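Before reading on, please bring up the model and keep both the sequence and the fold in view. The paragraphs below go through a helix pair, a single helix and then the sheets.

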Amino acid sequence: MNQAVRPEQLGLTPGKTKRSQLKLNTVQRSRRLSVAETEALGAALEALRAEVVASLGAADAAYIRKVQQGVRYGEIGSRALLMVGGWVPPLWLLGTVGLGLSKIVENMELGHNVMHGQFDWLNDDSLRGSTYEWDNVCAGDNWRHSHNFMHHTYTNVVGKDRDVGYGLLRLFPEQYWVRGHLLNVPKMVALALWFEWAVGIHDLDLIRVLRQPDGRERLPEVAGPFVHKIRRQLLKDYVFFPVLAGPMAVPVLAGNLVANIMRNVWSFTVIFCGHFTQTVEVFDKSCLVNESRSEWYVRQLRSSSNIEGGRLLHFLSGNLSHQIEHHLFPDLPANRYGELAVKVRALCEQYDQQYSTGSLWRQFGEVVQRAALYSLPNPAVHHLQQVGRWLKRKSG
Amino acid sequence: MSSALPNATFLARPRKLAQSWADRWVRPDFADFFLSTLNPVWRLHQPAARIVRVQSLGSDLVELVLQPNGHFVDGEAGQFVLVKVCIEGVYHTRSYSLISAPHERPLRLGIKLQGRVSRFLAKAEGCVVELSQLQGDLVLRSCADPVLLVGAGSGLSPLLALAAEALQQGQSVRLVQFGRQPLHVPQLQAWLSRYGDAFGWQWLDAAEQRFDPACLSALPWPWQSAQTYVCAPPSLWMAVQACWQQAGMESRLHCEQFAAQTMAAESTSVQPVQLLRQHREVAVTGTLLEGLEQAGLHPAHGCRMGVCNSCSCLKRSGTVRHVLTGEINTEPNVAIKLCVNVPVDAVQLDL
């Protein structure tokens, strides 16, 4: 039960709350389930979870340790290559791409999954979810709060899940339009290039903090961990390693910058494909009141979409290509999502729930489409959609 | 030979500088990874040891011989150490008593073969394990009183260490073991022949008698004037405590109990939860999170439904039940989610 949320907290009157998700404009592709069906689906998913938990063992432990070692040696090797052969363009490229891949895997397959507590059962202090610090400007504690708690609990609830648009972009008609949204697409490009900074500042909710009367006094306390992490990351990538490299300082600095941008763009792409394709739903705050665990499962299902691809895609995306499975079972080791996907898909077919999936190009194309379309206010969007339908009738 | 880093004194200052720099700027696990590739027991701060030899002490007792790195600090006789070992990818922690004298190297630990971890360690020669520093309050009190030791089973390990230390200091020592058969007989006989009247020992057959004032008065030694040290399972400890309480001699009684697996049946009644960092105890009904909040505390939490991991904290000992899956967890030193676990017996949290 979502006991954390009471009607009064959402500005709703207790006892007079209508559980209505149909008010919203989002296309409903999943059949509305009865209470009994919801509970049955929830129970089936719990059974899947129990099955995986019972089978966790040496193979899963070995997998994550291999990833951890791969990241360590990959980073050491790439940085060494940059420091030794930085002025030789092919070597610089190799070192930079290697470092970028190492950062991607460390952030997505290792860091994000470990911080969810997926590997807490190993009792390994270097893989403990509550204390892991990742190679990213975002402080671990801020991420744990904004992602593990806020995003996974209030997924796609407009007004509660601040990941919707990241406070910058308008991606759904339910979001209130302001003139700044006309710049959706350029903002998206900037967000992609500097994504780790957006992620880092995201949890601070600075606009809300500064609006409060004691906002300015609280700012050092709120921003403290982030500032501390910024200092560490900047010193590491842009001072320490370049200085250590001596004559190779410039290629090392350039390589580190490009590797960070590589990681930013890739993680932005994968993360935005997870909840902002054409077929996902958003929800009204009222759905949170007295939401049962089964209803939480169904909301996770409807607000997430997968990316189809081979093993390399799954690995490089930190298994976030299995976004649906990740949102259903965020604390199960991500290497198990592939086998779970088959069973979850079967359950969706059984209960007439959409299982949103598609290739990377298609999914990301839909995200870009959303950003472009909803940069306009809703009346303009309706006109455009009417024009679009007219053109389609004309041609077909 | 193994140590944290070369121990030569002329390297002490640069070593200290390197350590403080590493503390500030390098992730501890990366520093340990780097050091351990050079030498498996080298660490930045963590005491670690290689299992050099495993010797059987008869019945189901085993002696583990460990060569520690330079971070392991001497303690006192009678203390125990936490051993953390990796079995099939998962780390398990257990406490074992030091049998060897505190300054002696290599270390010797006494282990009773009773579970997964102990059986693994018994076959783990060459393995590297992580250690805590020596801890525990069962140490010799500094006074001239004779020493009386009462113990059973694996509890005899710390008592033997206390006996060795006390005998070396010239104190008079008496040992009472309680069990189905006498243990460590060769060692005890050796002490008898070496120290003569200063040492005495007796075995009481657990099958034939209970520990009560009658059997206590049957002992041929003046136990009232002694400092008594006990390390035993709960049943024996309670019996000894009752006898001493009856005689009003509690101040001369000292005990150590390992995290006891209590026989408490699974219940939803009030359970005591000890918060180690805050040095306080809270009575909890319902989930750990609800109980702590009712007591006026504010542990970190998030979704309150077992998903986001915000309330995850270390359970040092005790038994908990997961409210959603029904799973019972008795392992020491594991992370649990406070919002979905109910204490089944006394629980210690690292909070």
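In this predicted model, the crossing of helices H8(A) and H9(A) is right-handed. Helix H8 of chain A covers residues 215–245 and helix H9 of chain A covers residues 249–275, and the two pack at an angle of about 145 degrees with their axes 8 Å apart. On the side of H8(A), the contact is made by Asp237(A), Tyr238(A), Phe241(A), Pro242(A) and Ala245(A), which meet Ala249(A), Val252(A), Leu253(A), Asn256(A), Leu257(A) and Asn260(A) in H9(A). The spacing along each list can be read against a general rule: an α-helix has 3.6 residues a turn, so residues three or four places apart point the same way.

Elsewhere in chain A, helix H3 runs over residues 89–115, and its length can be checked against expectation: at 1.5 Å a residue, its 27 residues should span 39 Å, and the end C-alpha atoms are 36 Å apart, which agrees.

Turning to chain B, 5 strands make up an open sheet of mixed pairing, in the order E13-E12-E19-E14-E17. Which strands stand at the edges of this sheet? They are strand E13 (280–284) and strand E17 (334–337) of chain B, and because each has a single partner strand, one side of each is left without a neighbour in the sheet. From one strand to the next, the twist averages 40 degrees. One of the pairings joins strand E12 (residues 271–275) of chain B to strand E19 (residues 347–349) of chain B, in the parallel sense and over 3 bridges; here Leu275(B) stands opposite Leu349(B) in E19(B).

Another part of chain B can be followed from strand E6, residues 128–131, which is joined by 3 bridges to strand E1, residues 48–56, the two running antiparallel. In this pairing Ala48(B) has Glu130(B) in E6(B) as its bridge partner. Strand E3 of chain B, residues 80–87, is also antiparallel to E6(B), to which it is joined by 2 bridges, and Val83(B) stands opposite Leu131(B) in E6(B).

Terms used
Residues numbered from 1 in each chain as written. Chains lettered and ligands numbered in written order. Predicted model: local features only at pLDDT ≥ 70, side-chain atom pairs only at ≥ 80, totals over all residues. Heavy atoms only, no water. Axes fitted to C-alpha atoms, helices over the stretch in contact; angles between N-to-C directions. Helix = DSSP H or I, 4+ residues; strand = E, 2+ residues; numbered from the N terminus. Left-handed = near helix turned anticlockwise from the far one by under 90°. Contact = heavy atoms within 4.5 Å. Pairing = 2+ DSSP bridges. Expected span 1.5 Å × (residues − 1).
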